[in-house]
Amino acid sequence: MTPLDIIADACRRSPRSVREGRLVGVTAQGATASGLGRLPIGSRVRIVAPLQDGLLADIVGSDSAGTRLACLGSTDGLAPGGRITAEPAASLHPHPNWRGRILDAFGQALDGLGPLAHGSRACPLRRPAPDAAVRRGFGPRLSTGIHAIDLFAPLCEGQRIGIFAGSGVGKSVLMNMIADRTPADAIVVGLIGERGRELRAFIDAMTPQTRSRTTIVIATSDSAAAVRREAAYAATAVAEGFAAQGMVTLLLMDSITRFAMAGREIGLAAGEPPAVRGFPPSVFAELPRLLERTGPATESAAPITAIYTVLVDGGDHDEPVADAVRGILDGHLVLSRAIAERGRLPAIDVLRSVSRSLPEAHGDDELTLMREARGLLSDMADVEAVVRLGAYERGSNARTDRAIALAPRIESFLTQSPRQPFERLPFAALTDLLKEQPKDD
Ligand SMILES: Nc1ncnc2c1ncn2[C@@H]1O[C@H](COP(=O)(O)OP(=O)(O)OP(=O)(O)O)[C@@H](O)[C@H]1O
């Protein structure tokens with residue numbers, strides 16, 4: 001290429017060189033434009049219309065009808081003919097003072113506490129995940145203060161896990177307990193598609209210390225799908241900004257299912273075919289792009305430990321989003337309705353939960369103890385129905401007798417309420433508990 005070709009090519013690629021586009025179609029879910037042919041998918045544009053001055057939108061597709069736009073706000077008031085101009089890609093400038101603040105998907109303060117300070121480093125909302133080769137391994141084991149996690153599915157610095165739960169099984173309370181008890185310099189909470197009142201409930205449940213190190217990014221269920229999706233990227237970008245400033249960061253995102261649902265709305269409105277249970281293929285391409293951005297430290301950034309909630313309504317753990325997320329993350333905690341109904345909260349089903357930081361995360365003695373306790377719970381699960389019926393005769397099997405005696409004690413050790421004091425190292429307490437001779441009652 002001649003120098004002239006290079007300059008011409010750069011000009012063609014620059015958003016500013018794109019001619020103005022025009023709206024040619026509008027629906028409740030999105031809009032179609034002409035004249036934006038050169039802008040690639042993912043580009044940001046601004047719609048200038050009489051009743052919607054400055055509405056942002058993302059290019060999400062292109063077909064014979066024109067360029068498909070997902071609007072970051074209501075399409076009310078838009079009409080064909082509106083002018084469209086190219087915008088730079090979205091980025092945020094996280095500042096340590098953002099801890100303690102509540103932001104929307106665009107990084108605007110929602111808490112009435114005045115304007116936000118801005119850091120010097122730009123954190124793009126969309127960016128590739130760090131190269132796998134520059135990521136370190138998991139950092140040290142974190143003490144979450146939740147016995148079921150610390151004993152059976154440990155979490156290490158830089159690990160990413162999912163909490164798989166139906167509605168009302170104790171997911172929000174568990175997230176709050178983890179935020180309160182897990183050591184981190186900064187916590188970022190992404191509330192994606194939540195009901196408005198849940199923000200207040202989430203904040204009220206936090207201790208002042210947790211609140212002061214937490215940034216909340218929220219897009220409620222009534223926001224446009226593109227805004228809900230944007231909030232997940234914004235929360236991730238804020239966590240990346242803190243990590244780049246050397247802060248060990250914990251990201252809690254509730255929920256990744258609603259992020260996927262927002263992607264489904266956007267994809268279908270843009271004309272994508274529904275592939276698996278109504279989810280278009282782009283959703284499954286987008287999940288790893290978001291989830292791979294958190295994880296262990298790199299040379300230039302501290303680790304981001306991440307916890308994503310996944311809604312499994314109806315208990316279907318194999319639905320496509322849950323299945324895809326489970327395949328990407330480094331572990332999953334299953335919250336069981338049956339366990340919650342028994343009153344054992346947090347209702348983490350330790351037999352169905354997995355942490356990929358095992359076995360390295362535990363020492364040899366701890367692993368032995370964990371396996372023994374798990375074995376007892378598993379033996380108890382096998383005979384529970386028979387015992388309930390009164391059909392088991394004590395003394396017929398020594399192993400079963402031991403499980404019947406000790407499993408309820410383990411269950412009670414796993415029961416924790418939010419304000420209850422907790423042990424940082426629950427192994428010693430579990431050792432004592434398993435050592436005690438079961439009473440003969
Ligand atoms: N560890 C716990 N100790 C005592 N009570 C708990 C515990 N965890 C949950 N609960 C009770 O269970 C109720 C439901 O919990 P939570 O709101 O966390 O569920 P959820 O799964 O987030 O619900 P939703 O799906 O509606 O958002 C809470 O109101 C609380 O009273």
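Domain bounds here come from an automatic or database domain assignment. On that basis the protein divides into domain 1 (16–86), domain 2 (91–355) and domain 3 (364–435). The shell around the ligand takes at least three residues from each of domain 2 (91–355) and domain 3 (364–435).

Before I go on, two notes on the model. Numbering starts from 1 along each chain as its sequence is written. This is a predicted model, in which local features need pLDDT of at least 70 and side-chain atom pairs count only at pLDDT 80 or more, while totals for chains, interfaces and linings use all residues.

Overall dimensions next. Along the principal axes, the C-alpha atoms fill a box of roughly 85 × 50 × 40 Å. The protein has 13 helices and 18 strands, where helices (H or I, at least four residues) and strands (E, at least two) are DSSP runs numbered from the N terminus. Of the 441 residues, 44% count as buried. A residue is buried if 20 or more other C-beta atoms lie within 10 Å of its own, exposed if 12 or fewer, and partly exposed in between, with C-beta atoms placed from the backbone.

Now the ligand. There are 13 residues around the ligand, and Ser167, Gly170, Ser172, Val173 and Leu345 come nearest; the criterion is a C-beta atom, placed from the backbone, within 6 Å. The shell holds six nonpolar, six polar and one charged residues. For those classes, Ala, Val, Leu, Ile, Met, Phe, Trp, Tyr, Cys and Pro are nonpolar, Asp, Glu, Lys and Arg are charged, and the others, Gly among them, are polar. Helix α3 (residues 171–181) gives the most to the shell, with three residues. In α3, nine of the 11 residues are buried, including Lys171, Leu174 and Arg181.

On to the contact between domain 1 and domain 2. Their centres, taken over C-alpha atoms, are 30 Å apart. The contact takes 14 residues from domain 1 and 12 residues from domain 2, with two residues in contact if their C-beta atoms, placed from the backbone, lie within 7 Å. On the domain 1 side, β4 (52–63) and β5 (66–71) each supply at least two residues, and β4 has the largest share, four residues. That side divides into four nonpolar, seven polar and three charged residues.

UniProt, in an unreviewed entry, places "domain: AAA+ ATPase" at residues 157–340. UniProt positions are in the numbering used here, feature names are shortened, and annotations may be inferred rather than shown by experiment. Over residues 157–340 the chain is 45% helix and 22% strand.

Last, some local points. His317 lies in the loop between β16 (304–311) and α9 (320–328). Is His317 buried or partly exposed? His317 is partly exposed, because 15 other C-beta atoms lie within 10 Å. Leaving aside neighbours within four places in sequence, His317 is in contact with Phe164, Val312 and Ala322.

Most residues other than glycine have a negative phi, and most peptide bonds are trans. Arg277, however, has a positive phi, near 45°. The bonds from Asp254 to Ser255 and from Leu358 to Pro359 are cis.
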